[in-house]
Amino acid sequence: MTDQKLIINDCTLRDGMHALAHQYTVDQMVEIAKKLDEAKIDLIEVSHGDGLNGNSVNYGFSRHTEEEYITAVRDVLTHSKLAALLLPGIGTREDIKMAKDLGVDTIRIATHCTEADISRQHIEYARSLDMDVVGFLMMAHMIPTSQLVEQAKLMESYGAHCVYVTDSAGALLMHETTEKITAMRENLDVQIGFHNHHNLGLGVANTILAIEAGAHRVDGSVAGMGAGAGNCPLEVLIAVTERMNINTGVDLYPLMDAADKLVRPLQQRPVQTDGNALMLGYAGVYSSFLLHTERAAKLHDVDPRDILVELGNRRMIGGQEDMIVDVALDLKRKKTT
Amino acid sequence: MNTSENTTTGVAILGSGNIGTDLLIKIQEKCPSLHVEMMVGIDPDSDGLAKARARGVKTTHEGIDGLINDTDVLERTKIVFDATSAGAHARHHELLTAHGKRIVDLTPAAIGPYVVPVANLKEHIDQPNVNMVTCGGQATIPIIWALSQLTEVFYGEIVASISSRSAGPGTRANIDEFTVTTSRGIEQVGGAQKGKAIIILNPADPPLIMRDTVYALCKPADQDKLAAAIKDVVKEVALYVPGYRLVQEPVFELFDEPGIFIPGTGHVTCLKVSTFLEVEGAGDYLPKYAGNLDIMTSAAMRVGEIIAKRLQAL
């Protein structure tokens, strides 16, 4: 464990967008943000679920523009800093500039775990704007630790202040989490972060292991509000860290209130480790595929689990939501012939 | 006098990387109307220049100056393909246009208008410099263009998935240029009122063939006619990119009132058309999975061929 205070990065308003098909109202975001701020969360991330400029047919259109969400949340924060996510290939430097101009402090640049070099443009640009810059290596379960470290070192060399092990599929086992964070700590000079999904029911457990292995920043969402079975449930994590005497500086009660009174009532489709969500972790599939898969399964009358397994077989990665319909159409054809 | 000399047009290729070398092989093997006079590189030890020498093509490793200073070769060269970089292209453009050469630009520089052969080459046939947009643009703009000939396309979006191994250092260092340039091409050439482009690099091994998905939100129109137009344009592109094909029947979804909500735009009642494509490369110099590179070189060669025919006719 590090001696520095652990930095908590909330994802309720960004990863949580996936769970609502990007349909938060501005008011809902503001009410949740006020509670997070009251709880003294360090960083609150606001973006489309797929990062800035994620509004698209492929990923879904949000109810409001990113400018509207970011501005509204910014205006109610007294303690917390604002973060935003950006995926090169979806968003561009122009979006980083927009976020910076709206008062976003931290930009997190996310690439697939083997493609760190496409983040150079964005990391260097964000550094030139004097932002706090995080590199975010997604689907970290897919490659050996040594390769992950190499990719992380690229992000470090471009100027990232922190590099994340991102378990986008919620597929990392416990010993793998410890191994990856430990290796990152040993080989990098910058901060290390951990983000995960609860698809195998290891949301809190793996995050605690990451903290014990020396992670400086960890992510979570209130009531788990995130893609798939959700993220590490933040109020549970904080309860556990308090019991362990780990200093987060976060107050538990406002988070519990936010979870019970604000977030859970919004979940039309419960964010939980049910069959389809479990399948994501089991097959190692990107968590935000869940709702898109359920929609395609219904439209084309095939089993969503078959779609998820096939997506895993085809080695599809984050962002390839278009291939969900492609797989569904193939399965449908197979069924009828 | 050999009659072929009357009908072949001399060309030069700038850049001896993957794209330049694939283009060299394609032209030599598949395009009798073009003759490669010189292959221009900056690295004497590059594989591309070695390939060119082995194939009997004159080479220089002194960049554009090596071409300009070789007066015989320059005289014979009518069209120059630039497969270097956007940064280098500006100077190439100045020098070459000063000598009256026609330029087919495969870099993201876009000094000249965007060209997608099946859609708008005729319009720009006499331009001194034409730009090939991007690989994703060459693969997807034909679909948007075909739809916009029959109905209004309010919004066009494409997702290009390419194998990580086929994305060179230039693409990787400039990924924003892909999204920005392709989006503009969807609007300017494809005719969509608003364009959006997404690119995904997938590291799967064995490498995956390039996939492209095109979404168009259109004013509702006869679906059979739209489907037929998509199939026709795919056939037309396949004439110059043999590995270009439809993977699924086009999918149509009608969004009646209130329609699809796009933040910043509002509700759009529309017909959503989804087209699933695959581009398998010819495997000339680059492996077959690199359909993204193949479609650039194939489309550029097609443009060169048509410009050559035009120059011969003048």
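Biologist: As I understand the labels, a helix is a DSSP run (H or I) of at least four residues, numbered from the N terminus. With that in mind, which residue takes a positive phi just after H8(A)?

Modeller: That's A:Gly214, with a phi of about 110°. Please keep in mind that this is a predicted model.

Biologist: Is H8(A) largely enclosed or left open by the rest of the structure, and why?

Modeller: H8(A), residues 203-212, is largely enclosed, because eight of its ten residues are buried. Among them are A:Val204, A:Ile208, A:Leu209 and A:Ile211, along with A:Asn206 and A:Thr207.

Biologist: What covers those buried residues?

Modeller: The cover includes two helices of chain A, H7 (174-187) and H9 (234-243). Strands S7 (191-196) and S8 (217-220) of chain A are also part of it.

Biologist: You mention strands S7 and S8. What do the strands of chain A build?

Modeller: They form a closed barrel of eight strands, going from S1 through to S8 in order, with parallel pairing. On average, neighbouring strands are turned by 25° against each other, ignoring direction.

Biologist: How many bridges join S1 to S2 there?

Modeller: Two bridges join S1 (residues 7-10) to S2 (residues 43-45) in chain A. A:Asp10 has A:Ile44 in S2(A) as its bridge partner.

Biologist: And which strands does H5(A) touch?

Modeller: H5(A) packs on the sheet against S3 (81-86), S4 (106-112) and S5 (132-138) of chain A, and its direction makes about 160° with that of S5(A). Helix H6 of chain A (residues 145-158) packs on the sheet too, touching S5 and S6 (162-167), at about 155° to the direction of S5(A).

Biologist: Let's move on to where the chains meet. How many residues of chain A are in contact with chain B?

Modeller: 29 residues of chain A are in contact with 31 residues of chain B. On the chain A side, H5 (120-128) and H14 (322-336) are the elements that give two or more residues. H14(A) gives the most, with four. By class, that side has eight nonpolar, 13 polar and eight charged residues.

Biologist: Now chain B on its own. What are its domains?

Modeller: The domain assignment gives domain 1 as 3-111 and domain 2 as 135-288. Their C-alpha centres lie 30 Å apart. Nine residues of domain 1 are in contact with eight of domain 2. On the domain 1 side, three of these are nonpolar, four polar and two charged.

Biologist: What radius of gyration does chain B have, next to that of a compact globule?

Modeller: Chain B has 20 Å, which agrees with the value near 20 Å for a compact globule of 314 residues. Buried residues make up 53% of the chain. Its secondary structure comes to twelve helices and twelve strands.

Biologist: Where are the cis peptide bonds you'd point out in chain B?

Modeller: One runs from B:Asp205 to B:Pro206, with B:Pro206 in the loop between S8 (194-202) and S9 (210-218) of chain B. Another joins B:Glu257 and B:Pro258, and B:Pro258 sits in strand S11 (residues 251-262) of chain B.

Biologist: Last one: is B:Val133 buried or exposed?

Modeller: B:Val133 is buried, because it has 30 C-beta neighbours inside 10 Å and the cut-off is 20 or more. B:Val133 also has a positive phi of about 55°, although it is not a glycine. B:Ala110 is another non-glycine with a positive phi, at about 50°, and B:Ala110 is buried with 20 other C-beta atoms within 10 Å.

Note on methods. Residues are numbered from 1 along each chain as its sequence is written. Chains are lettered from A and ligands numbered from 1 in the order in which they are written. This is a predicted model: local features need pLDDT of at least 70, side-chain atom pairs count only at pLDDT 80 or more; totals for chains, interfaces and linings use all residues. Domain bounds come from an automatic or database domain assignment. Two residues are in contact if their C-beta atoms, placed from the backbone, lie within 7 Å. Ala, Val, Leu, Ile, Met, Phe, Trp, Tyr, Cys and Pro count as nonpolar, Asp, Glu, Lys and Arg as charged, and the others, Gly among them, as polar. The radius of gyration is taken over C-alpha atoms; the globule rule is 2.2 Å times the number of residues to the power 0.38. A residue is buried if 20 or more other C-beta atoms lie within 10 Å of its own, exposed if 12 or fewer, and partly exposed in between; C-beta atoms are placed from the backbone. Two strands pair if DSSP finds at least two bridges between them. Axes are lines fitted to C-alpha atoms, for helices over the stretch in contact, and angles run from 0 to 180 degrees between N-to-C directions.
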